[in-house]
Amino acid sequence: MSPSRFLVSFEGDRWRVARVSGGREESVEIPLAAGADDVPDTVAGRLRQWGWSGGGVCLGLPSDWVLPALIDCADLPRKGRAEAMRYRLEEQLPLDAERLTADFMPASGSRVFGLAVDTSRVRGVLSQLSAQGISAAAISATALLALRDVSQRLAAKTDFVIVAGDSSLELFRMVNGRPEAWNTVPHRAEDIVQACRASRFATHVEGRKATAAVIGAMDPVASHALAQDGRIEVRSVDEGPTWPAAARGAASMLADDAEGWANFRRGELAPSSPWGEFPALLRMTAVLAVALPAVLAAVFLWRAAQYESSARESHAKQAAEYIRVFPNTPVPASVASRFKSEVTRCTSLNGAGAKLPEQRNAIESLRRVVAALPDGLVRVREIRAEPTEVTLDGESRSHADAEQVARALRAAGFEVEPPRSEVDPRGLVSFTIAAKCGGADSDKAAAVSGPVAGAKEALP
């Protein structure tokens, strides 16, 4: 099932919100209070009721906001052609090019159908929508969106398309299925007939009647007067309201990015940044993705500096001890290796055959602790092992169970302080036990000791 597409359009004192989903159109009108300048909250509210989740919508502009003109581009250079087209469009419009946002549609031959809007005027509407959390992915005239939808069903020889709005008629002169002129006329019979006749003279219709397709419901008197004109053949394409066709045209524009039809979401009306089309959560995720590596790098550099400082401090202590033992000898690069060599030399001279005291291994201490733990009696959360000391953090059902763990470690040759324990909100006993490694006798005890009998029951 295709995703839902949304149209938000306005004209006069009314807003219309439309949805196209699964081939069906829905619409609701929202009147504005007298003098209201802001988009009402109900616009965003209605979108959310229809399943809108913050994506882009199409903004439909009233016809009197759009300035159309047909320009000839045959002599324009390739370099800077778009800018040259905008200034050529300015020659036929009452606004300076700097104030306009324009888009162009191919008409016929070297001619191009240009449409422009006042940038600041449309930007004000975009700001109102943005305040409601609504992002416009496309901007076009509502009448042009209806024409876009119906143009796919028009006969190839259709000369005019009339889009019947609530307060006016939009008359498009067509060439090869695309508009090349656009006039807005009131619903009066004489104005409609006069506009069609005037536009007919600009076409190359010879030896046949001009054909006009009507979208929406025209005024009956005006429709009759147009039908009585012997030079124009009128047929209705869609007799219902024009908003379903406009909604379908908006859905098509959002789906395939206009494909040659005017879209004013460009230039100064383009999104200010790519983040404008994404929800705040995605923007925060992207920021964290950039910031997290930088933070980790700073932490690692700080830890490296700490380790280097600790190494320098340790080397300084070894050098001071070496100077105390050998006051008249320069400090070697490796003080520890020099001490070992000196101990070996001295024991060899006196024949004692003494060996250097064996250094304990933290992994071995950890193995002894794990081997001594009563099976199934407690749950161990954390073990911190050092060469001469091991600390356990865990949970048990009672203080007696924690004390039993301490006794098991003492039996394994460790020097164990009384456990520190407390009852947590769940009713379990959290304990901490610090066990120091004993001497050689404790190693022998560890070799023969095993788990404490009768401690096999597991925590719940």
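**Entry 1: helix H4**

I began with H4 and listed its buried residues: Ala143, Leu144, Leu145, Ala146, Leu147, Arg148, Asp149 and Val150. Buried here means under 20% relative accessible area, exposed means over 50%, and partly exposed lies in between (1.4 Å probe, protein chains only). That makes eight of the nine residues of H4, and I noted the helix as mostly covered. Helices (H or I, at least four residues) and strands (E, at least two) are DSSP runs, numbered from the N terminus.

A note on the source: this is a predicted model, where local features need pLDDT of at least 70 and side-chain atom pairs count only at pLDDT 80 or more, while totals for chains, interfaces and linings use all residues. Residues are numbered from 1 along each chain as its sequence is written, and side-chain values use heavy atoms, with hydrogens and water left out.

**Entry 2: the whole chain**

I counted 12 helices and 18 strands in the protein chain. The chain has 460 residues, and 41% of them count as buried. I then looked at contacts, meaning heavy atoms within 4.5 Å. Among contacts with a separation of 6 or more, 61% join residues 24 or more positions apart. The chain exposes about 25,300 Å², and carbon and sulfur atoms supply 54% of that area. Accessible areas come from the Shrake-Rupley method with a 1.4 Å probe; for residues, only the protein chains shown count as cover.

**Entry 3: the nonpolar cores**

I searched for nonpolar cores, which are sets of buried Ala, Val, Leu, Ile, Met, Phe, Trp, Tyr and Cys residues joined through side-chain atoms within 4.5 Å. The largest core has 59 residues, and Trp15, Leu59, Leu61, Leu115, Leu144, Val161 and Phe172 touch the most other members. Helix H7 (residues 243-256) gives the largest share of this core, seven residues. There is also a second, separate core of 18 residues, including Val369, Ala406, Val416 and Ala435.

Which residues does leucine 144 contact, leaving aside its neighbours within four places in sequence? I found Met105, Leu115, Phe172, Pro179, Trp261 and Ala262.

**Entry 4: cysteines**

How many disulfides does a search of the whole structure find? It finds zero. The criterion was a pair of cysteine sulfur atoms within 2.5 Å. Cysteine 58 is buried, at 0% relative accessible area. Cysteine 73 also counts as buried, at 2%.

**Entry 5: salt bridges**

I took a salt bridge as a side-chain nitrogen of Lys or Arg within 4 Å of a carboxyl oxygen of Asp or Glu. The count came to 17 salt bridges.

I went back to H4 for one of them. Arginine 248 and aspartate 149 meet through their side chains at 3.1 Å, N to O. Arginine 248 is in helix H7 and aspartate 149 is in helix H4 (residues 142-150), so the pair ties together parts 99 residues apart in sequence. Is aspartate 149 buried or exposed? It counts as buried, at 13% relative accessibility. Arginine 248 counts as partly exposed, at 23%.

Next I looked at glutamate 313 and lysine 317, whose closest N and O atoms are 3.7 Å apart. Both lie in helix H8 (residues 280-325), four residues apart, about one turn of the helix. An α-helix has 3.6 residues a turn, so residues three or four places apart point the same way. Glutamate 313 counts as partly exposed at 46% relative accessibility, and lysine 317 as exposed at 57%.

Glutamate 403 pairs with arginine 410 in a salt bridge, with the closest N and O atoms 3.4 Å apart. Glutamate 403 is partly exposed at 28%, and arginine 410 is partly exposed at 33%. I also noted a network of salt bridges linking Arg379, Arg381, Glu395, Asp424 and Arg426.

**Entry 6: a surface patch**

I found a nonpolar patch on the surface made of Leu292, Val295, Leu296, Val299 and Phe300, with about 470 Å² of accessible area together. Patches are made of residues with over 30% relative accessible area and no salt bridge; like charges are joined within 9 Å, nonpolar side chains within 5 Å (Val, Leu, Ile, Met, Phe, Trp, Tyr). Valine 299 lies in helix H8 and is partly exposed, at 40% relative accessible area.

**Entry 7: glycine 54**

I found glycine 54 in the loop between helix H1 (41-49) and strand S4 (56-61). Glycine 54 is partly exposed, at 28% relative accessible area. Its C-alpha atom is separated by 9.4 Å from that of alanine 44, 10 residues apart along the chain.
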